[in-house]
Amino acid sequence: MDNLVQQVMQRLEERKHTSVEVTFNHQVAPPSEQIFLKNGKVILKNVSIELITDLYSMEKTNAWIKWVLEGISYDVKFYFLVNEQMVNFIPRMMILDWPILFVVNNESPVIASYNRVITREEIAAKPDKSILVRYQKQRITDEAVDVCNYKKIKIKIRTEENCIWRE
């Protein structure tokens, strides 16, 4: 029995370090759940605004949404590759709370903050070349702006808290 438990633990550890790239196409069925058993990370390319809105709305009639939700239940880390223009369509709560990392141009993670005032310390802990989504009522200290410039973190200011299609 100990040998079986050890094999399972070893396989789970290996799974954490394996990833797969999947190309989203709404006209094609998503891959099988076997991907989630073998990979701890799924990089989803060609993500559309429609996929993001359906996911946020939990549109379970969409096969791709069901597939992503199933992956989340398998504790898969999702990376959605998006372009910079799409950042305004990503609800801030998805950036903050969902187990999905949105990545622009394959290198810039989209980040946000819960804090009313974004500080230098908080920005220093963020990855270089990130895109920080903040809303107008959030304040950012001058020191934090300096760190953003140093780390090449772009700041996108939203006029409202969520995104352009959600109130």
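Modeller: The account below begins with the core, continues with its aromatic rings and a helix pair, and ends with some loop residues.

This is a predicted model, in which local features need pLDDT of at least 70 and side-chain atom pairs count only at pLDDT 80 or more, whereas totals for chains, interfaces and linings use all residues. Residues are numbered from 1 along each chain as its sequence is written, and side-chain values use heavy atoms, with hydrogens and water left out.

A nonpolar core is here a set of buried Ala, Val, Leu, Ile, Met, Phe, Trp, Tyr and Cys residues joined through side-chain atoms within 4.5 Å. Buried denotes under 20% relative accessible area, exposed over 50%, and partly exposed the range in between, with a 1.4 Å probe and protein chains only. The largest such core has 32 residues, and the members that touch the most others are Leu 44, Trp 67, Phe 78, Phe 80 and Phe 102. Apart from this core lies another, of nine residues, including Ile 123, Leu 132, Ile 140 and Val 147. In soluble globular proteins, nonpolar side chains tend to be buried together.

Beyond residues up to four places away in sequence, Trp 67 touches Val 22, Pro 30, Pro 31, Ser 32, Ile 35, Phe 36, Val 42, Leu 44 and Phe 78, where contact means heavy atoms within 4.5 Å.

The aromatic rings come next. Rings of Phe, Tyr and Trp (its six-membered ring) pair if their centres lie within 6.5 Å; planes under 30 degrees apart count as stacked, over 60 as edge-to-face and the rest as tilted. The structure holds nine aromatic pairs. In one of them, Phe 36 and Trp 67 have ring centres 5.0 Å apart and planes at 40 degrees, so this pair is tilted. Because Phe 36 belongs to helix α2 (residues 34-38) and Trp 67 to helix α4, the pair ties together parts that are 31 residues apart in sequence. Helices (H or I, at least four residues) and strands (E, at least two) are DSSP runs, numbered from the N terminus. Both Phe 36 and Trp 67 are buried. Phe 36 also forms a tilted aromatic pair with Tyr 74, at 5.7 Å centre to centre and 35 degrees between the planes. Tyr 74 lies in the loop between α4 and β3 and Phe 36 in helix α2, so their pair ties together parts that are 38 residues apart in sequence. The two partners have relative accessibilities of 0% for Phe 36, which counts as buried, and 26% for Tyr 74, which counts as partly exposed. One aromatic cluster is formed by Phe 24, Phe 36, Trp 64, Trp 67, Tyr 74, Phe 78, Phe 80 and Phe 102.

Helix α3 (residues 49-56) has six of its eight residues buried, so it is largely enclosed by the rest of the structure. The buried residues of α3 are Leu 51, Ile 52, Thr 53, Asp 54, Leu 55 and Tyr 56. Their cover includes β2 (41-45), α4 (63-73), β3, α5 and β4 (100-104). The axes of α3 and α4 come within 10 Å and cross at roughly 60 degrees; axes are lines fitted to C-alpha atoms, for helices over the stretch in contact, and angles run from 0 to 180 degrees between N-to-C directions. On the α3 side the contact is made by Leu 51, Asp 54 and Leu 55, and on the α4 side by Trp 64, Ile 65, Val 68 and Leu 69. Just after α3, Met 58 takes a positive phi of about 55 degrees.

Met 86 is placed in the loop between β3 (77-82) and α5 (92-97). Met 86 has a relative accessible area of 7% and is therefore buried. Leaving out residues up to four places away in sequence, Met 86 touches Val 47, Ser 48, Ile 49 and Ile 52. Between Met 86 and Phe 102 there are 10.0 Å in space, C-alpha to C-alpha, the two being 16 residues apart in sequence.

One further loop residue is Asn 46, placed between β2 and α3. Asn 46 is not a glycine, yet has a positive phi of about 60 degrees. With 53% relative accessibility, Asn 46 counts as exposed.
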